[in-house]
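This report describes some local features of one protein structure. The sequence and the structure come first, and the notes follow.

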Amino acid sequence: MKEFFIGEIIKRKRKELGLTQEQLCEGICEPSTISRIESGRQVPAKNKLDALLQRLGLPGERYYALMSKDEMEISNLKEKIISCNVFHNSIEGLQNLKKLEKLVAEDDHLLRQFILRSKIILGQLEGDKVRLYTFEEKKELLLQAIRLTVPNFDIEEINENLYTVDEIKIINQMALNYSNAGQDKIAIDIYYQLLKYMKKHIMSLSESSKLVILITYNYSRSLYLEKRYRDAIEIANQGLEVSIQSRYAGYIGGLLSVLGHAFYEEGMMEDSKKYFYQSYYMYTIMQDEDNVELAAKNLKDFFDIEVWN
């Protein structure tokens, strides 16, 4: 699709949703910029185009945007940092973040948001060691990150705004931070609001299924910790259904484990045993040795079944 038509698509969808230019572009770009984009007088940078399309619930991979040399370097650094996040390689990740910070423009809220979110995951260097942020530090940094692009963000009124995929990931991090601090009631409310928002706004995006699965896993886990076992089963099954439909196995082992624990607490032993077995075999297939050992321990502790060699 030619660049000229991108603005037409944005304008049509924005009006369909009843949004003003100011509402759509808040935290991403100036209203004058969105006006030029919609009229075809300006081609947006890729990160801004992606963010605008995500807020509108449009699949950005269908549309074309030019990438400058700097944008390509930024994109490559972001991929490296994300890989370091996944594999818990904090030192290399923080080194790449330092390079990325040298390229970020003062008004590039999206990139600054990514940098903050990555720091929260990776931690900070103190001498030659990495120190992870405390609950309160993460809470403050996550609020700073989301308010770069959503200045009026309120954790109790999540559905009052439109969000990009990265903004949804930040809100998920907020919930996880509360859960890790033992504040699962707050986490549960955030997950509830997030799922409600996603079902209404962004299920057409290619990344939405993976996000739903991640959120349902975290959500069901928090429900279990709050002893809401029936609710945990319902949400975990929703996650499994989306996993199967999307052919994404990333959190299936975790969802099965939640089901095993929740059914056990409900006194449904055969169901519990079935899901613990399935969790064990899923982790075995994925070659996730740490969780294979944990799943084997669950079978031993709950049913005195030996499967670990």
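Is D231 buried, partly exposed or exposed? D231 is partly exposed, because its relative accessible area is 28%, where buried means under 20%, exposed means over 50% and partly exposed lies in between (1.4 Å probe, protein chains only).

## Basis of the model

This is a predicted model, in which local features need pLDDT of at least 70 and side-chain atom pairs count only at pLDDT 80 or more, while totals for chains, interfaces and linings use all residues. Residues are numbered from 1 along each chain as its sequence is written, and side-chain values use heavy atoms, with hydrogens and water left out.

## Salt bridges

D231 forms a salt bridge with R228, with 3.0 Å between the closest N and O atoms. The term stands for a side-chain nitrogen of Lys or Arg within 4 Å of a carboxyl oxygen of Asp or Glu. R228 is partly exposed at 37% relative accessibility. The count of salt bridges by this rule comes to 17.

Another salt bridge joins the side chains of K119 and E101, at 2.8 Å from N to O. This pair links distant parts of the chain: K119 belongs to helix α7 and E101 to helix α6 (residues 90-101), and they are 18 residues apart. Helices here are DSSP runs (H or I, at least four residues), numbered from the N terminus. K119 counts as partly exposed at 26% relative accessibility, and E101 also counts as partly exposed, at 35%.

D271 and K274 meet through their side chains in a salt bridge of 4.0 Å, N to O. These two are about one helical turn apart, because 3 residues separate them in helix α14. An α-helix has 3.6 residues a turn, so residues three or four places apart point the same way. D271 is partly exposed at 25% relative accessibility, and K274 is partly exposed at 37%. Elsewhere, a network of salt bridges links E126, R131 and E137.

## Aromatic pairs and a charge over a ring

A search of the whole structure gives 14 aromatic pairs. Rings of Phe, Tyr and Trp (its six-membered ring) pair if their centres lie within 6.5 Å; planes under 30 degrees apart count as stacked, over 60 as edge-to-face and the rest as tilted. One of the pairs is Y264 with F302, which is edge-to-face, with 4.5 Å centre to centre and 65° between the planes. Y264 is in helix α13 (residues 252-265) and F302 in helix α15 (residues 289-303), so this pair links distant parts of the chain, 38 residues apart. Y264 is partly exposed at 25% relative accessibility, and F302 is partly exposed with a relative accessible area of 24%.

F276 and F303 form another edge-to-face pair, at 6.4 Å centre to centre and 65° between the planes. Since F276 lies in helix α14 (residues 269-285) and F303 in helix α15, the pair ties together parts that are 27 residues apart in sequence. F276 is buried at 1% relative accessibility, and F303 is buried with a relative accessible area of 19%. Y264, F276, F302 and F303 form one aromatic cluster.

A ring is also involved where the charged end of K78 sits over F114, 4.9 Å from the ring centre. For this, NZ of Lys or CZ of Arg must be within 6 Å of the ring centre and within 35 degrees of the ring normal.

What does G260 touch, apart from residues up to four places away in sequence? G260 touches S272, Y275 and F276, where contact means heavy atoms within 4.5 Å. G260 lies in helix α13 and is buried, with a relative accessible area of 0%. The C-alpha atoms of G260 and D128 are separated by 41 Å, and the two residues are 132 residues apart along the chain.

## Helix α9

Helix α9 (residues 165-180) has 16 residues, and its end C-alpha atoms are 22 Å apart, which agrees with the 22 Å it should span at 1.5 Å a residue. The expected span is 1.5 Å times one less than the number of residues.

Of the 16 residues of α9, 12 are buried, so the helix is largely enclosed by the rest of the structure. Among them are V165, E167, I168, M174 and Y178. The buried residues of α9 pack against α4 (46-55), α7 (109-122), α8 (135-149), α10 (184-201) and α11 (208-225). After α9 comes G182, with a positive phi near 80°.
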